Amino acid sequence: MNAAYRFDDWETPAAAPQNPAVDAKIAPKIEVDRGILPAAALAPVNAADKRIVNGKADINQLAPFKYPWAWEFFLKANRNHWTPLEISMAQDVHDYHHKLSPAERHVFENVLAYLTTSDILAMRNIGLAVMEKMTAPELQIYQARQVYEEALHTWTYQHCIENIGLDQQEIYNRYRVVPQIHGKIALSNRRLEKALRSDLDLTDRANLHEFALSYFFFAVIFEGCWFYNGFTPIFALQRRGLMKGAAEQLQYIMRDEVLHCAFGIRVVRELLKEEGLELDPQALRTLWDEAEAAERAYASYILRDPILGYNADLHVQQFRFVANRRARQVGVEEPFPGAENVLPWLDEQANLRKEKNFFETRVTEYQTGGALAWD
Ligand SMILES: [Fe+2]
Ligand SMILES: [Fe+2]
């Protein structure tokens with residue numbers, strides 16, 4: 001093998017080309033490459049020229065920043081390094097096989113089944129659809145980190161599935177055969193489909209509105225409500241000392257998701273302000289209603305039999321409460337006025353640092369920076 005292709009050997013010089021035919025093909029390319037220097041010096045990038053979308057400034061130049069908060073998100077995310085291998089799953093294997101009731105096993109497996117699919121969907125949406133439409137590098141750099149984190153979350157679910165010994169063929173296919181799980185994924189695909197088109201012209205106002213609505217759905221509902229709420233049934237088990245390894249894994253994921261959601265909400269707000277755009281209230285109403293209906297159907301399936309301290313009604317009420325909080329954060333009307341915080345322990349559960357003494361897990365000081373706040 002030619003030494004030039006060895007990734008672990010940067011010292012050995014490349015061998016001279018052996019094949020004159022290949023050599024001849026390379027030669028004209030070198031001539032072409034000499035012509036890429038610009039005829040005149042380029043103008044310096046002005047931060048004011050950057051835009052969330054439709055920007056004209058050089059995408060390959062990080063600073064000067066127009067969105068320094070986006071760079072701060074990147075730095076903050078990099079204080080959250082972890083992998084699923086750091087958390088012991090030994091007790092979970094015993095709990096799953098010997099302690100969980102059939103109803104609890106049903107909840108656990110189906111939450112996992114939904115999450116496996118939804119994190120891949122999240123990774124693809126950010127990496128393949130959203131990122132290419134953002135025209136400031138400081139936004140894209142945080143999103144590159146987000147893409148990695150979604151892949152890490154997928155690894156985490158796979159790690160749980162392998163350690164507990166669940167049937168992979170069955171668990172990964174479950175969202176396809178259970179309509180109530182499929183409903184959330186199908187709704188997401190429909191809402192995100194248009195944004196995935198790489199030829200979407202965002203200078204067209206109707207397209208821009210469609211893209212903003214799609215990104216709103218992703219950041220505010222898919223990540224901000226469904227993920228936040230989605231882990232809760234497993235946290236309910238954790239509060240009773242069950243499946244603590246898996247729950248701790250989800251707490252690490254939640255730390256990342258807090259940032260994803262907060263970043264997404266900030267982007268939506270800036271995008272609307274920058275473009276002088278207002279989301280159509282009727283379109284928003286439909287979005288919330290569809291999301292609630294999908295969540296209600298999902299809850300009625302995963303919690304068809306309530307488990308101790310948790311049931312489908314609590315799940316849906318909490319979704320409505322979190323949805324109001326997210327709406328306030330974006331600056332749109334609350335979709336479910338009067339919804340109550342029926343699971344007041346959830347916010348505390350989401351904070352690993354507060355949780356450590358109560359559950360005596362191995363976590364000592366998860367993040368070196370400031371604590372993350374939900375509101
Ligand atoms: Fe994720
Ligand atoms: Fe995420």
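Is His 153 buried or exposed? His 153 is buried, because 26 other C-beta atoms lie within 10 Å (buried means 20 or more other C-beta atoms within 10 Å of the residue's own, exposed 12 or fewer, and partly exposed in between, with C-beta atoms placed from the backbone). This is a predicted model in which local features need pLDDT of at least 70 and side-chain atom pairs count only at pLDDT 80 or more, whereas totals for chains, interfaces and linings use all residues. Residues are numbered from 1 along each chain as its sequence is written, and chains are lettered from A and ligands numbered from 1 in the order in which they are written.

**View 1. Helices of the protein chain.** The protein chain has 14 helices and 0 strands (DSSP runs numbered from the N terminus, H or I of at least four residues for helices and E of at least two for strands). Of its 375 residues, 37% are buried.

**View 2. Surroundings of His 153.** His 153 belongs to helix α5, which spans residues 137-164. Apart from neighbours within four places in sequence, His 153 is in contact with Asp 119 and Ile 253 (contact means C-beta atoms, placed from the backbone, within 7 Å). The C-alpha atoms of His 153 and Asp 256 are 9.3 Å apart, although 103 residues separate the two along the chain.

**View 3. The largest nonpolar core.** Among the 85 residues of this core, Tyr 215, Ala 219 and Ile 234 touch the most other members (a nonpolar core is a set of buried Ala, Val, Leu, Ile, Met, Phe, Trp, Tyr and Cys residues joined through C-beta atoms within 7 Å). Helix α8, residues 205-230, gives the most to this core, with 15 residues.

Conventions. Contact = placed C-beta atoms within 7 Å.
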